[in-house]
Every structure is written in C-alpha cells, then in structure tokens.
Amino acid sequence: MHVLAIGTRKGLWLATSADRRSWDLDGPHHPMTEVSAIALDHRRLLVGTANSHFGPSLLASEDLGRTWEERSPIDFPADAALERVWQLTTTADPDVVYAGVQPSALFRSDDGGRKFSLVEGLWEHPHRPEWGAGYGGQAVHTVLPHPRDERRVTVAMSTGGVYRTFDGGTSWEPANRGVQAYFLPDPYPEFGQCVHKIARHPAEPDRMYLQNHHGVYRSTDGGDTWHSIADGLPSDFGFAVVVHPHRPEVVYNFPLTADSDRFPPGGACAVHRSTDGGDTWTALRTGLPDDFWTSVLRDAMCVDAAEPAGVYFGSRSGEVYASADEGDTWRCVARHLPDVLCVRAAEV
Amino acid sequence: MRVVVLVPGVLRSAAGGRAVVDLDLAEPATLGTALDALTASWPLLDRRLRDERGVLRRYVNFYVDGEECRRLAGVDTRLEPGAEIRVLPSVAGG
C-alpha cells in the first residue's frame, strides 16, 4: 500500500492507494492545528503540529493514524520557546531523529523521537544573532543527515543559509559559497542567505540541490561550492526542490515567477524536471491545470521510494497532485483542503 | 487552601475529561503555583497553557475570580482561598 501524508494549515490528511492512481482520503487528523512537519518511515508517523491557541506539539502514530500518542514536548533549555517544528528527519538509525525548529535550532532524539535535546553547538553559534526572520519566521527548515557518516549533518535555515557539522554537532560552519543574497549589500556573503530548501541523494551525498530566494543551485562537493542550474528554468524563484529516490542526477522543482509574483509563470501549473543534474529542464504539465493562481511551499513536494518513482505536491489552495510515473503524468488526489504545508509519501 | 480550575471543553481530554479540577495549594498561592499543581497532575495541559519558559499562551485567557489575569499581576496574581480560575481560549485563528 502507498501512503501519502498531507500536512495542512488545519490538520493532517492521509491518502492511501494500491496503485498510486486511485486514492482514498482520510482526515482531518488533528483538526485546527497546523501540521508543519511530517516524518513517514514505514508505518511510523511523526508529525509536528501548532495550534493557534495552545502552541506546538509532537504526535506519533505506529498504525498509520488510527491511534496517536502525544510525545514529550520539544523544550528549549532557557531563554527561548519553541514556536513550530519545521522539519522531522529520520535517519538510517531508527533511534536517531532530528527536528529543525523555529526559532532556528536543531534538536536530536536518540530514542526514536520520544525525547529531543537541543544541539547546543548550532544554538551557540556566534552567527546566531545575525540570523534573520523571513515572512514565515526564523527556522531551521531542512535537516540532511549524511547517509553513511553520522557525524556529518547539513542543515538549512531562513535566513542564515546552509551550515554543516563534521563532528556530530559540536561545531558548525556555513556552506553558502556561490549562493546569492540579492537583498544584502554583499551579494555573496559567508552566511545570511535565504535558502528555501536543499535536497541530497543518499547514494551520492556530496551531490546536493538548493532552491534559494531567487537562485537554483547544485553542489557536487558536499556544499563546499554551489553553482547555478537555473538557466533552463522559467524562473529561479520557488520553494521546493526534490531529488529522485534512485537517480541522483534527476531533480524536481516548482518555479514561481518571482519574489514579488508568487504564482507559476502565466498561472500554468508545472513541475520542472531535470535528468542531467540541472543542466537542462523539462516542464511536466500532463494532467496539471491552467489558472493555477497559487504556490507550492518548501516541504509541499516530495517523492516516494517506489519504482518508477512517485512524485507528489500540494498547493496553498489545497489541491494535491500525484504522479506514478516520475512526473510524466499527474492525477489530482485531493481538492479544497486547507493550505498544504508539507507532503510525505512511502510504501508500507 | 483549595482553589478550583474550570477547564474549557477543548482542553478536557488533556485533563482526564474533567471540567472542574480542585487543587490544594500551599499559601501564599499564585496563578503560577496553581498552574504548576494543575500540570503536575495533567502534564499534557502544561504546553497548552504556557511555553517552556512559563509564559502564558497569548491566546489563552485566565480569569481569576472573574478578572483576566493580565489585568492583574499575570502569573504572579495572588489567589484567595476558594478562588476560581476559569481558563478560556480567546478569539483567535482563521
């Protein structure tokens, strides 16, 4: 069975399918809470929620949403309070789970997501007073553990950019060389970029893709340097970037016209795919609508691990689309949901 | 001394289904010590009502004997024996 977890501004929906073409939708789970982060790992679901009255929370289900258990809160040790969980990332070790949160910080769990501890090395980084907040808040929104070396973790935050640790989180260094910050006097600072999302392939972890606040980049050296791959796209603005589950050179992007015009160009809903690491791009539109005057947020696009790969995205207008053939054709999974904040897919 | 907390419907599942919780507090008691006692019994209520610094959630109101605590002394508002703490979500959300 294929499962697609859809986190929205007002709850979680779970879609299931035998063939990834016809989907059954179940929800809302946790109605009236923002579901801003989802980890979906076999039958284990871990979600970060935030209620406008009662604050953030962390919930887990071991039976695909039939029952839920509220986990211990993610607490800052002092002088800060958790506002929202932006990212939940499982690792090769089922006990190790990371949470990227607002305000910008990283937490780590060593018991499968039951209790989390602040990664002090990043929180105490001397750059932290200079990390800024975008419209969505200041957050670590991306966590990419190295698939083969648990001491290496890459995170991205808005604003601040990409940071890496090579020693298990004790020390962190910025990794933004080549990434532009057009809104700063120095367009290529050491840090301070508004990186929207980064993606890496587990089989080739030094290859990464980055969607910036204007700019789409590739790194082939683990983030030492970044090079633009935006030339073949209709726009270099957007939020989501996703790498194919089996082919590191295949990458997906959902371009929006510009910072000041956050719609797909011409209102034409289109996922763009590159099969050569971003050198060239193809618009994928079969089954996708015109007059799509909405946007796709940074975690609202994902792939599954099936063969051929499934690709999924949801919009701020509450529509969710799925492709069972690597993006060639698309079907609508859901309409009229609240704003889609994140999607995650798995075969269970 | 005894005080009573009135729990709104939306939070009762985190309080074992109770609409009313009686607390036995040492004197002098404040709203903050009452919340400490309440959430010691019902830990899921804690982050619903205040963050990890103890700051009250912005859109949750706490009426102490009919007066919202932010017009009094906030979490330091002194409680009289028999005080009633009524927890009410404020108007918020979209």
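**Exercise 1.** Which residue in S3(A) stands opposite A:Ala15?

*Solution.* This is a predicted model, in which local features need pLDDT of at least 70, side-chain atom pairs count only at pLDDT 80 or more, and totals for chains, interfaces and linings use all residues. Residues are numbered from 1 along each chain as its sequence is written, while chains are lettered from A and ligands numbered from 1 in the order in which they are written.

Step 1. Find the strands, which like helices are DSSP runs numbered from the N terminus (strands: E, at least two residues; helices: H or I, at least four). Two strands count as paired if DSSP finds at least two bridges between them.

Step 2. Read across: A:Ala15 faces A:Leu25 in S3(A).

**Exercise 2.** Describe the largest nonpolar core and the contacts of A:Val343.

*Solution.* Step 1. A nonpolar core is a set of buried Ala, Val, Leu, Ile, Met, Phe, Trp, Tyr and Cys residues joined through C-beta atoms within 7 Å. Buried means that 20 or more other C-beta atoms lie within 10 Å of the residue's own; exposed means 12 or fewer, and partly exposed lies in between, with C-beta atoms placed from the backbone.

Step 1. The largest core has 98 residues, and A:Ile6, A:Met301 and A:Val343 touch the most other members. Strand S28 (residues 340-347) of chain A gives the largest share, 6 residues.

Step 2. Leaving aside neighbours within four places in sequence, the contacts of A:Val343 (C-beta atoms within 7 Å) include A:Leu4, A:Ile6, A:Met301 and A:Phe313.

Step 3. Another core, of 22 residues, lies apart from this one; B:Val5, B:Ala14, B:Leu35 and B:Phe62 are among its members.

**Exercise 3.** Summarise the fold of chain B and check its radius of gyration.

*Solution.* Step 1. Chain B has 2 helices and 7 strands, in the sequence pattern β-β-β-α-α-β-β-β-β.

Step 1. The rule for a globule is 2.2 Å times the number of residues to the power 0.38, with the radius taken over C-alpha atoms. For 94 residues a compact globule would come near 12 Å, and chain B has 12 Å, which agrees.

Step 2. Of these 94 residues, 30% count as buried.

How values were computed. Two residues are in contact if their C-beta atoms, placed from the backbone, lie within 7 Å.
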